[in-house]
Amino acid sequence: MQHELETLKRYISESNYIVFFGGAGVSTESGIPDFRSVDGLYSQKYKYPPETIVSRTFFMNNTSEYFEFHRARLLHLDAKPNAAHIKLAELEKMGKLKAIITQNIDGLHQAASSENVFELHGSLKHNLCMDCGTDHDVSIIKDSTGIPYCDCGGIIKPDIVLFEEPLNDWVIDESLRHISKADMLIIGGTSLAVYPAAALIHYYSGNKLVLINKSETHVDSRADLLIHGSIGEALNAAI
Ligand code: ZN
């Protein structure tokens, strides 16, 4: 592991256009569990699998039940940035890191003061009225029960990408633009199993592709540097 961390350090020192692509594993180190995790308690409480609840169809047809799940399983407002978020923010301030692309919806990169963050799946911090478009603070979701309503009478919908909903074109375009310009791409905390994560990697043409993940992924063989371990610990040791 020491050898890998030395290489990571060297890659960073040699690079000036680093892009980070992160998945759920970045947030689990802040104590945010994957919402898909189903345990005995879950089964007692919910009649549907999590993937069903977090879908456009379910939101439209079972709105109140959706919000019960949203408050209990998606909102983790006490979570704090961990070493991975903090070190990436430092790397941006140093002028080396140009973009963070994340599949997470918790806003922890911004909480760590990162600025150029592209949230592929949206953000829990933004909640838009479905009628007038007003962006409401997350507290209005947290502090309400049942369906949250805007003053205009519209339903307030969290600005996250539900299953069956398209990703934001601008976010995709910006992500691809940064990845194609990157001289170093660090991918952390994702198994790269789902679209578009697996596709994004093809836009990188450099020779410093770093994969940091606790478990193996199907693209491990493509990595120039592979670190099987904690993303927070690896970045903490190298930056
Ligand atoms: Zn409204």
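Strand E1 is largely enclosed by the rest of the structure, because five of its five residues are buried. The model described here is a predicted one. Both faces of E1 are covered: Ile-18, Phe-20 and Gly-22 lie buried on one side, and Val-19 and Phe-21 lie buried on the other.

## The six-stranded sheet

E1 belongs to an open sheet of six strands, arranged in the order E3-E2-E1-E7-E8-E9 with parallel pairing. At the edges stand strand E3 (117-119) and strand E9 (225-227), each of which pairs on one side only. When direction is ignored, neighbouring strands of this sheet are turned by 15° against each other on average.

The pairings can be followed from strand to strand. E1 and E2 are joined in the parallel sense over five bridges, and Gly-22 has Thr-102 in E2 as its bridge partner. E1 is also joined to E7 by five bridges, and these two strands run parallel; here Val-19 stands opposite Leu-185 in E7. E7 is in turn connected to E8 by four bridges, again with the strands running parallel. The bridge partner of Ile-186 in E8 is Val-210.

Helix H1 (residues 2-14) touches E1, E7, E8 and E9, and its direction makes about 130° with that of E9. Helix H10 touches E1, E2, E3 and E7, and its direction makes about 130° with that of E3.

## The nonpolar cores

Which residues of the largest nonpolar core touch the most other members? They are Val-19, Phe-21, Leu-185, Ile-187 and Leu-192, in a core of 24 residues. At least two residues of this core are supplied by each of strand E1 (18-22), strand E2 (97-102), helix H10 (169-181), strand E7 (184-188), helix H11 (197-200) and strand E8 (209-212). The largest share, four residues, comes from H10.

Phe-21 illustrates how such a residue is surrounded. Leaving aside residues up to four places away in sequence, the residues touched by Phe-21 include Ile-101, Leu-120, Leu-185, Ile-187, Leu-192, Ala-197 and Leu-200. Gln-103, Gly-188 and Thr-190 are also among the contacts of Phe-21. A second, separate core has 23 residues, among them Val-26, Val-210, Ile-212 and Ile-231.

## The three-stranded sheet

The structure also holds an open sheet of three strands in the order E5-E4-E6, with antiparallel pairing. Its edge strands are strand E5 (135-136) and strand E6 (156-160), each pairing on one side only. Strand E4 (residues 122-129) is joined to E5 by two bridges, and the two strands run antiparallel. Within this pair, Leu-128 stands opposite Asp-135 in E5. Helix H6 (residues 63-74) packs on the sheet, where it touches E4 and E6; the direction of H6 makes about 45° with that of E6.

| Strand pair | Bridges | Direction |
|---|---|---|
| E1 and E2 | five bridges | parallel |
| E1 and E7 | five bridges | parallel |
| E7 and E8 | four bridges | parallel |
| E4 and E5 | two bridges | antiparallel |

## The zinc site

Which atoms coordinate the zinc ion? The SG atoms of Cys-129, Cys-132, Cys-150 and Cys-152 do so, at 2.2 to 2.3 Å. The arrangement is tetrahedral because the four donor atoms subtend angles of 98 to 117° around the zinc ion. For comparison, the ideal angle for four tetrahedral donors is 109.5 degrees. Along the sequence, the donor residues follow the spacing C-x2-C-x17-C-x1-C.

Cys-129 in strand E4 and Cys-152 in the loop between helix H9 (139-142) and E6 form a pair that links distant parts of the chain, 23 residues apart. Are these two residues buried or exposed? Cys-129 counts as buried because its relative accessibility is 4%, whereas Cys-152 counts as partly exposed because its relative accessibility is 44%.

## A loop residue

Pro-33 lies in the loop between helix H2 (24-28) and helix H3 (40-45). With a relative accessible area of 42%, Pro-33 is partly exposed. The C-alpha atom of Pro-33 is separated by 31 Å from that of Gly-154, a residue 121 residues away along the chain.

How values were computed: Residues numbered from 1 in each chain as written. Predicted model: local features only at pLDDT ≥ 70, side-chain atom pairs only at ≥ 80, totals over all residues. Heavy atoms only, no water. Core = buried A, V, L, I, M, F, W, Y, C linked by side-chain atoms within 4.5 Å. Buried < 20%, exposed > 50% of the residue type's maximum accessible area, 1.4 Å probe, protein only. Contact = heavy atoms within 4.5 Å. Pairing = 2+ DSSP bridges. Axes fitted to C-alpha atoms, helices over the stretch in contact; angles between N-to-C directions. Donors = N, O, S within 2.8 Å, 3.2 Å for Na, K, Ca; no water. Tetrahedral: all angles 85-135°; square planar, octahedral: opposite > 155°, others 65-115°.
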